[in-house]
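Q: Please take a close look at the place where the two chains meet. Which parts contribute to it, and how are they joined?

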Amino acid sequence: MELQAVLMAAGGGSRMMDLTYNTPKPLLPVGNRPLIWYPLNLLERVGFEEVIVITTKEVQKALSTDQRLKTDVKLRLDVVCIQEEADMGTADALRHIQQKIKTDILVVSCDLITDVALHEVVDLFRAHSATLSILMSKVHEFTETVPGQKGKKKAGEQRDFVGVDVTGKRLLFMANEADLDEGLVLRKSIMRKHPRMLIKTGLLDGHLYCLKRSVVDFLVHNKCVTSIRGELVPYLVRKQFSKSLNSQNATEDSEKNQKQQDAHHNLELLSTSKDEALLQLARERSCWNDHRGDMSEAYHGGKLRCYVHIMEEGMCYRVNTLAAYIEANRVVPKLFEDPPIHPAAVVSERSLVGSDSIIGPLCQISDKTSIKRSNVGTSTTIKEKVKITNSIIMNGVTIEEGCNIQGSVICNNAVIGRGADIKYCLVGSGQHVEPEAERTNEVIVGSDQLMEI
Amino acid sequence: MKSITCYLFNSEFQTIYRVTFHFSHQALLPLANVSMIDYTLEFLTSTGVQETFVFCCWMASKIKEHLQKSKWCRPTSPNVVHVITSDLYRSLGDVLRDVDTKALVRSDFLLVYGDVVSNIDISQALQEHKQRRNMDKNVSVMTMIVKESPPGHKTRCEDDDIIIAMDGKSKRILHYQRAQALKRLHFPMNIFHSGSDEFEIRFDLLDCHISICSPQVAELFTDNFDYQTKNDFVRGLLVNEEILGNQIHMHVTKDGYGARVSNLLMYDTVSSDTIRRWVYPITPEANFADQEGQSCTHSRHNVYRETGVSLGHGSQMEENVLIGRNTMIGANCTISNTVIGANCVIGDNVTLDRAYIWNRVHIADDVKVKQSVICDNVEVKHRVVLNEQCVLAYNVVVGPDITLPEGTVLSMHHPDEEDDEDDDEFLSDDNDVGYRKDKTKQKGINGDTMFPGLVLNADPESDSESEVSEGSHDLGSHPASPELDDVKVFQNEVHGTLQRGLDENISCDNLVLEINSLKYAYNISLKEVMQILIRVVLEFPFHQQGAQISTAQYSSHLLPLLKKWAPVFKNYVKRPQDQLDCLASMEGVFLERETHWAALVKVLMSMYQLEILEEEGIMHWFNQGSTTDKSQQLRRNQGLLKFIQWLQEAEESSEGDE
């Protein structure tokens with residue numbers, strides 16, 4: 001076994017609370033499948049047989065009961081539960097399961113939907129004996145209107161600056177705009193080694209990492225690192241060019257220092273483990289080099305290397321905001337060859353269901369109803385003369401007669417009263433929209449949910 | 001294509017050139033036996049330039065004279081060359097402001113430094129520039145031509161390291177900075193707000209100093225009278241981009257050769273590249289300057305010979321050798337990677353490697369030259385060895401039988417003198433060689449500090465180290481201060497004070513007071529005061545009694561003086577370090593006067609007895625590893641050894657007493 005897969009599925013979806021307040025993020029339906037299915041499928045496609053899933057109790061229960069997941073996913077799931085209240089970061093989670101980790105690991109986030117050729121990322125990891133390789137993609141512009149959002153949302157989020165070398169593979173620099181108040185600062189020694197650096201913004205981090213086994217050991221020794229993306233990755237990227245790996249805070253007491261040194265020692269160990277001597281020999285004997293120009297050895301003698309695969313084409317979404325969720329729902333159905341209308345759905349012959357829509361199992365769709373460019377989830381009942389366009393209807397929703405629903409997201413078990421007119425709204429789980437209501441551009445959620453925020 | 005105009009002038013007035021090559025303008029220096037200006041003009045002509053303005057300030061008449069004789073001023077020349085001279089052209093800014101005033105250009109023009117050697121094809125860059133100008137009038141004012149050459153490339157020299165941030169797609173320059181002394185490179189955030197999502201930060205570029213400029217460039221220089229150099233201009237435009245809306249683009253070329261001969265390191269590099277044919281079609285045998293008698297043959301291993309070359313029996317031209325016309329080479333010479341000018345005479349058993357020998361040079365037998373420049377009319381006498389990075393300027397005579405250490409610069413022209421007088425030409429022939437050696441030696445030391453040009457730093461990380469180690473061994477004898485003037489004047493003043501003190505019998509306290517006030521007047525450090533004081537006192541007898549006095553006379557004069565002025569010394573020599581400095585200074589004085597070494601012991605003894613120096617200090621100084629042969633020799637002096645032995649015994653016995 002070369003790589004162990006770890007799926008991080010304990011995130012709360014804090015950036016789209018309206019959707020996730022009573023449906024855990026991994027279970028949100030995207031194209032009538034739970035979100036978690038997509039990364040599992042990605043792993044299965046490339047031949048993983050087992051995956052460690054880190055998640056919450058709630059999701060674990062759903063995983064064991066969800067029929068569709070059971071039949072679709074052949075992977076052996078090794079589910080590890082963590083407490084929701086513990087507020088664990090991704091790095092904490094890795095520390096939590098360190099006993100299970102025997103080899104290098106592939107960490108995937110549960111909100112990743114992509115058709116990437118995963119071997120590209122892993123090949124970089126293998127070819128350069130890298131410590132870290134990650135997946136990034138060009139950001140897709142979201143075109144759909146997002147419910148409850150006033151006006152076109154500007155790129156308010158701060159950009160990530162990613163620096164790669166001339167091949168576009170070696171990861172040299174990584175910082176968020178927010179941390180660059182003083183301007184972008186690079187050491188000249190880095191520029192001397194990599195005289196041509198491409199700085200890219202507008203990249204989406206896929207939160208998919210290949211990590212050396214020893215990085216987990218490093219995490220075990222450095223309890224202060226809590227998040228992979230926030231702390232570990234930037235640390236590793238920086239460490240590529242630091243001369244001595246033994247730099248520590250003078251203020252810390254000696255015991256801790258000792259520990260840190262151990263950790264650093266481990267970090268160096270990572271490259272000297274088992275085959276390293278052979279690899280070294282191979283590099284010495286070979287005329288291959290990773291750079292041109294000066295005559296120094298390959299990688300300039302650096303032992304720690306980070307790589308990135310940037311997808312130029314193809315699909316890559318991270319479903320962590322409402323906009324991304326809507327976009328993913330639009331795009332995903334095109335990927336599958338499933339029949340748009342599930343065989344177990346009851347669809348009246350006198351209704352009109354566009355070929356760009358999908359209908360989940362056990363749905364009832366009555367006469368004179370038209371559905372265009374929409375996804376309709378499991379066990380949803382749609383009465384007569386309803387018009388649905390550009391919308392996402394989740395599971396167990398009831399839509400009474402004569403409703404007009406446009407560009408909206410209706411969450412699980414909501415009931416839409418007769419003749420309601422809903423445009424660009426988000427209707428929260430279990431909400432009732434009164435008959436004849438006219439709502440535009442609103443987020444309709446329960447008061448308890450509001451309190452929670 | 002409309003007429004493109006170019007400007008040549010001596011770049012930024014580099015002091016190195018001025019000092020060393022006093023008799024010639026940089027543009028007229030021979031590079032592979034052809035004047036540098038001809039390379040630049042040839043490059044311009046080959047790019048299709050039809051009219052060239054040559055701007056010069058210094059040595060303008062010589063440049064004019066050269067151009068009038070050259071092919072550029074023949075009626076058939078495709079490139080009309082105008083020479084415009086003025087004493088006021090002190091920088092690129094001055095020149096371009098003048099261009100604007102005289103309205104010399106109405107369309108795009110090419111701006112080139114007078115020391116560019118290049119064969120870059122700029123047609124594509126021109127096209128891109130035009131396209132940009134057509135699309136957006138008056139926005140893109142300049143296209144810089146840069147060559148891809150990663151760090152460590154030969155044509156890069158540390159001084160010219162630049163870091164450029166550019167827009168990945170439009171090739172617009174967002175940030176331009178000289179990176180020479182920087183450890184960290186800093187990019188302001190606003191350059192990343194240009195709406196692009198891909199930026200390139202490049203450290204692998206060499207600015208060829210060839211720029212395609214629109215006429216606004218001249219106007220902008222007029223508007224901003226504080227712009228002096230191109231660097232000012234580029235930086236200024238980038239900073240004010242949002243206000244003025246002017247942009248600078250660049251064109252990166254991968255092949256082609258472009259380099260600027262801005263210092264001797266580059267001179268070495270470009271010369272050897274020319275001979276190795278990297279600047280093809282500009283090669284030595286092409287005789288592109290079309291001068292009579294310049295034609296030469298090109299044979300295997302890049303050996304070029306002009307007409308009338310004679311080579312003695314057993315001499316070998318190994319590779320990359322260019323020999324000028326009517327040069328005679330003796331027997332059993334080994335010549336490699338070398339350029340020799342016209343009408344030189346080279347003796348037997350001479351070894352030349354990476355030597356650049358100009359015209360009419362005489363080299364006697366058994367001379368060895370490594371990586372050095374030898375200018376016109378130099379005479380190198382037999383068994384002289386020139387180590388790496390030596391320069392012999394015009395008309396110097398060296399030897400016989402001396403070895404010049406690395407990095408020595410010998411010139412007949414003192415660096416501090418103004419360079420507009422020509423009369424020091426006459427200094428040369430009447431003086432005896434011994435005197436000249438003495439004079440030139442001093443200059444060698446000055447050269448160390450101001451002449452880093454020929455030093456190739458193989459490992460950039462260790463810059464500082466190498467510099468320190470190079471200069472250090474001379475520090476003791478000569479305070480290496482940039483303000484040589486002040487130090488010298490100070491020295492004279494101290495001498496005057498002491499003389500007066502002697503004549504008028506002034507008390508030591510008052511002498512100290514006077515010296516201290518002098519110290520402040522000339523801003524001299526305490527260490528230097530002490531060193532100069534020692535020097536002045538030790539040389540005092542020479543000044544009083546003439547330089548020819550015997551050692552015995554010398555000591556008999558000096559010792560009473562030492563006794564008399566002991567309080568003055570004591571005032572300055574307090575800490576152990578002071579003693580060491582004092583001793584080093586003494587050593588320096590005596591090293592210059594080998595005949596009086598015997599007096600050193602007496603001086604030391606006297607100083608010891610006067611309690612100015614302590615035994616620890618003397619022992620420390622004596623045991624200190626000496627760097628030069630001569631000072632080692634000094635330490636082997638019989639009298640000194642005896643004194644030291646005596647000191648040691650005295651020390652032991654005093655320890656025994658306790």
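A: In this predicted model, 27 residues of chain B are in contact with 22 residues of chain A. About 2,400 Å² of area is buried between chain B and chain A, and carbon and sulfur atoms give 56% of that area.

Polar links also cross the interface: 13 residue pairs of chain B and chain A are in polar contact, counting pairs with both residues at pLDDT 80 or more. Sorted by class, the side of chain B that touches chain A has 14 nonpolar, nine charged and four polar residues.

Charged side chains pair across the interface as well, where the rule finds two salt bridges between chain B and chain A. One of the salt bridges joins the side chains of E148(B) and R196(A), at 3.9 Å from N to O.

Strand 11 of chain B also takes part in strand pairing between the chains. Strand 12 (residues 196-200) of chain A runs antiparallel to strand 11 of chain B, and five bridges join the two strands. Within this pairing, K200(A) has E198(B) of strand 11 of chain B as its bridge partner. R196(A), a salt-bridge partner of E148(B), lies within the residue range 196-200 of strand 12 of chain A.

Conventions
Residues are numbered from 1 along each chain as its sequence is written. Chains are lettered from A and ligands numbered from 1 in the order in which they are written. This is a predicted model: local features need pLDDT of at least 70, side-chain atom pairs count only at pLDDT 80 or more; totals for chains, interfaces and linings use all residues. Side-chain values use heavy atoms; hydrogens and water are left out. Contact means heavy atoms within 4.5 Å. Buried area is the accessible area (1.4 Å probe) that two parts lose on being put together, summed over both. A salt bridge is a side-chain nitrogen of Lys or Arg within 4 Å of a carboxyl oxygen of Asp or Glu. A polar contact is a pair of N or O atoms within 3.5 Å; within protein, one must be able to donate a hydrogen and the other to accept it, and residues adjacent in sequence count only if both atoms are side-chain atoms. Ala, Val, Leu, Ile, Met, Phe, Trp, Tyr, Cys and Pro count as nonpolar, Asp, Glu, Lys and Arg as charged, and the others, Gly among them, as polar. Two strands pair if DSSP finds at least two bridges between them. Helices (H or I, at least four residues) and strands (E, at least two) are DSSP runs, numbered from the N terminus.
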